[in-house]
Amino acid sequence: MSEAKEHVVVEDTAQVSNGELDHQSVSGQLVDEIPEMLSLNVKLPHEPRSIKIVVSIHETFNDIRQSILDLPATVQYTCFSLWFNGSKLNDFLELHTVEGIHDGAVLELREEPYNDREARLHVSKLRDVIGLVSTRSSVVTGLSAGLSALSQVDKLAQSFKDKSNPSKHAVADLDLAAPPNLEDLLPTPPSSQDQPVKSLGISSWNPPPATLRLRGHLIYLQVLTLEGAVHHITGDISGFYISNSSNQKFDPSPKQSKGGFRAHSLLTLLGQISPLFKERLLEWQTALGQRDALTIYNPTNSFLASPWLARPGTAPVADVSRSQEQYLLGGTDNLDTVRDWNDDIQSTREMPRSTIQERILRERLLNKLYFDFAEAAAKGAVLIARDEVPAINAQDPRDSQIYLYNGIFFSYGADGVGTFEKEGGDEAAWYAVGKDLAGVKFVNQLDIDGICPLCTVIVDYCGRRIVAQSPVPGILRQKEDGTNQIVYGGADNKDVVANNESFVPYFKKVAERLHLKEHPVWDKDGKEFDLVTSVELKGLEGTDGRKYILDLYRATPLDVEFLSEVGNDQENSYPHKMATLRPEAIDEWWKDKVRIWIQENREKFKQEGKEIKVYYKSVDSDEPTLIHEPKSEASAEENAENSTVEEESKQFESLEISGFKFGLNPDVYSGQAPTTEEGKKTYFEDESNVRDVAKFITSKLIPNLLADLWSGDLSIPVDSTQLSKTLHKRGISLRYLGKIIDQIDANDKYYSNRLASFRHVLVQDVVIRSTKYVANAIFKNLPIEVVPSAAAHIFNSILGIKLNADPKPHIEPSLAFLYSSDLGNDDFGFAKLTASDIQSRVTQEALRRFRYALPEDWATTKISPVSVFRELSIRLGFQWKLKQYHFATESATDSSKFPVKAEVTNGEAVENTGVHKQAEGKKGKKSHQNGYLEKKKTNNKVSTVATTTENVLASATAVQTTFTPDDLLNIVPFVKDSDLRSQLAGEAMETGRLSLIQGQKEVGVELLVESLSLHEQIYGILHPEVARAYSQLSLIYSSLEEKAAAVDLARKAVVIAERTIGIDSSETLLMYLNLALSEHANGNSNTALSLIRHALQLWNIITDYKNPDTVTTLNNAAVMLQSLQEFHDSKKWFEDSLALTEEIFGPASVNAATLYFQLAQALVLVQEPQEAVKKMRSAYNIFKAELGPDDRNTKESESWLESLTQSAVQHARQAKDLATRKARKLNIISNASKLSGTKPVQGFADPISSTSSKKGKSNEILPDSLNTKSIDELVKYISG
């Protein structure tokens, strides 16, 4: 780093241990090592001859190569090297290690000779550049993957800015009570560009014969240009040229012509032979340049999100090379794509990590490897599910078969060999592999040197659970001496136990983080062994000398309290006996015990006149860390002045948390039998401790969760995904869903309506998960081609029974005939199931798995069809056709597909489609809608039939069922991986936050920016973690009043989240709302309202139940409308927000008082003084009753009430005087008309509205203190 550059160095007193640094150490290193940026010139061999790039001094030249490959001006270069000062640069050198490199330095790009691999990759890269569609990831990501709707929302906002939209604002025609329009879920896809060539592929003369390969020939291609000419191209070590070959003659020699038609890049060569190629390519690149780059690039370390509704896709275009992609990527023998996954991952884990840059490189490579493994595993699992990969042990039953494909071991998540026969068989095995994956992720995150977890991925596809793991070297080979390879833990169903001492230090670190104790276990002969982890958790010594940790499904103790309770219910017993405690629950219990222990010691030393300082020392650190220091109640200044005196006068006692010796025995209640009295006594105490943790969940964790949700300290989840994250973070397993519902119902008077939406989400989640288990059981043994028929029947039986109470499955006769001999029947088992049968199975699963008895009418009254449709489809990997689905008879006849009536407004017929689209009259004026949470009332309107009754009935009759097999377009695998989250990027983010809290703004901002850079370097630009980092940083910048930067970061967060997390995920929804607030704060209220509109439409799809967070969204929209001076519409949104608040929180709650206060201010702006006084009085009365007369809110509402009352009285007096004068005038006119024989004027305007409509009178109703303020000033005042 330049000496002239000022930077802050924070004293580093922490020790580097296990690759982890504490916040102080991270702060010191990061601030000291913030990469300096250099501007470099790159000299090119062709036009544009040179480019400029800005890079970090810590980037490698391989990173610079990748940047050059992605730039539009240099896409033709793929095979090149970089030179500096006449020397060729190593791709893996970091920039700062090259002597003489400086800002403005010139690098030279030199084209290199091709080899076979480079030539194939060059052709593959060309396909991407010219827009030829790739199918490489379609198996995993499916249809319509990675879409973003933000640009479409921006177009809507722009239409209001340039006045091209006839509506006043984005939410003018929004009806939240209308059923969600599913056809609006996906944005309109960008228009496809014409391809620059008609065809480009491998020639039928490929590969080159041995004699020509010796002379440098690498590949033969054939291209059909837009002009209709067919050219054969030879690719050799020097580049590409037009050859003399034809379809009938082989002559790969160069074709003689004036132009030569030879180039190092195939892209350049095609431009030489086809003028239309250059023209179309330029159009294509121009169109891409007009789009946000984040919407174009594909992620390198993350899957694109697959939507649950999709478009069928465009018709395939003839493309010979599409079927040749595997050859282009892997070569003739496909060896380029075969990897030793285990060695790659473990070697990368062993890379040095003593410096920040070493940690960045290590974590980046690990994340890339884990993603590549997950992608390969997903593709392999789909092939195995389709019976396209032969098993190693094909003679065994299917559930016990194992597969080796692409260097990965695959097996079914079933009890094929009877390992879990006593614990529940297949159900226990299904659960165990999920817990094993969770254990692998836990150990991965600990990142312990010397211990190697296997890379593990679970793929759920069409009812099959397939486990993919990196092979352990030598796992299929016995040792020469015949001993077992398991050298720690139990083997052969725990008949054999080993405790190799070399494994103890590593396993002890795992045990400490799980709060486990060393405990005895016994083998089949009664011999005792001391283990630090569960006997089920195994240590294996591979033939490569590494220590592997396996079978982490029993890393924590059993949830014995739950299992004991459900074990007494023989009729509806839990499916298995493998339920274990979550690590988060154990951690919360341990913290609770530590707090009690610290308090006991504090009281003990206090009696001796001593204070305590609390320290913590982990097993892998040398020095304890101070985590609590007693402070007096004096001010900070007094503490600073008297610190020396206090140190001398007070006595301190050190208390180290590691001295709190209290852990759990993970093997109690699992068949272990002590042989001595002392052992039995200790074992009984261990059983009691484990039972205490299990009781802690229902006695503390669940009540604390409900209390936080009730108080608003924790947001209420809106969907199943958010619910599971919330519960798991609190240590609550999903099997407690029924318990949570019971606790809410038992305290219904206390929780009232405030947790009604949470209860709705809980019940709906029980239905979703129970239906998933029922569906998987049906799908498991079905041929893949029959799954769409079964899926449609199940969905109709759950979601479509209001439309058709007795749906019948549709099975193709050809499929029934084809598989009847294999299955012994032609109905595949599910065809005989009625809707009632399927609902009964769901009810039974809900009771068995979640201990909740669904009411009989749950399918018609307790679920939201669209929400369940969405969640169930996501969890099963279904992609349905994008259209409006009808879940009831009313929706089939009153939807956007079937217009029923036209409302007559002002003599104009306005079509009511049920989707509440904008209605236009002759002049394009929109009919105003009076309300947003209630549907239009048409009692006083004249209706005319827009379509004949016969047409409506015919359309309704045509809809026999909600779903048909043809509606299911695709099934994608549901992938659960063991990815590694970057500790370094997370530490940097947290350190930056702490610096801001401590008032070190400059250092904090610098660290936060560096944290974002670390996220991008480690994960790649398109990754869910990067989206979350952008979002968090945007919120921080908003708090720092960096409005423009906050908007930019929030926009990037939304796009990345849409493409990698989900276009309608709850996280994406939250990011949209945050972006709306940032845009509003930045003065773009039209854009903000467009974002709010889109977010509310997503909200209506995700959950149509009334969530407390909806109140905030409606309130924000009302404030935004005020800023646009749409005061009447703003008032309506405030009224809707108040109505929802009263329903959720109660009419006498502080929340309602706040809305009363804001509504009163809104009424001021629309000239309704009497109503404003009423609402302000309600606010004042509630504040006074709930918060007391001295509260700031009470005093402020009282002040406003006095001012509004005075103003309202004055306004009423003036209105009365004006009305009197008008009456006198009218009386004179009436008398005059009697004399002249004319009739009096009928129906003059209301006096109050007449007065308020006059110019110059708008400020008369305002409080005296605000009479002189303009409307803009008042809006600013009200908006804070």
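Because the model is predicted, local features need pLDDT of at least 70 and side-chain atom pairs count only at pLDDT 80 or more, while totals for chains, interfaces and linings use all residues. Residues are numbered from 1 along each chain as its sequence is written, and side-chain values use heavy atoms, with hydrogens and water left out.

I begin with the hairpin. Helices (H or I, at least four residues) and strands (E, at least two) are DSSP runs numbered from the N terminus, and two strands pair if DSSP finds at least two bridges between them. Strand 1 (residues 37-43) and strand 2 (residues 50-56) run antiparallel and are joined by 7 bridges. Within this pairing, leucine 40 has isoleucine 53 as its bridge partner. The hairpin has 6 residues between the strands, and arginine 49 takes a positive phi near 75 degrees.

I turn next to two helices. Helix 10 (residues 341-349) packs against helix 11 (residues 356-385) at an angle of about 160 degrees, with the axes 9 Å apart; axes are lines fitted to C-alpha atoms, for helices over the stretch in contact, and angles run from 0 to 180 degrees between N-to-C directions. The two helices are therefore roughly antiparallel, a label for angles over 145 degrees.

Which residues of helix 10 meet helix 11? They are Trp341, Asp344, Ile345, Thr348 and Arg349, where contact means heavy atoms within 4.5 Å. Their counterparts in helix 11 include Leu365, Leu369 and Phe373.

The ring centres of tryptophan 341 and phenylalanine 373 are 5.5 Å apart and the planes stand at 80 degrees, so the pair is edge-to-face. Rings of Phe, Tyr and Trp (its six-membered ring) pair if their centres lie within 6.5 Å, and planes over 60 degrees apart count as edge-to-face. Since tryptophan 341 lies in helix 10 and phenylalanine 373 in helix 11, the pair ties together parts that are 32 residues apart in sequence.

Strand 11 pairs with strand 26 (residues 878-881) in the parallel sense over 2 bridges, and alanine 310 stands opposite lysine 881.

Definitions and conventions:
Parallel < 35°, antiparallel > 145°, perpendicular 65-115°, else oblique. Phe/Tyr/Trp six-rings, centres within 6.5 Å; stacked < 30°, edge-to-face > 60°.
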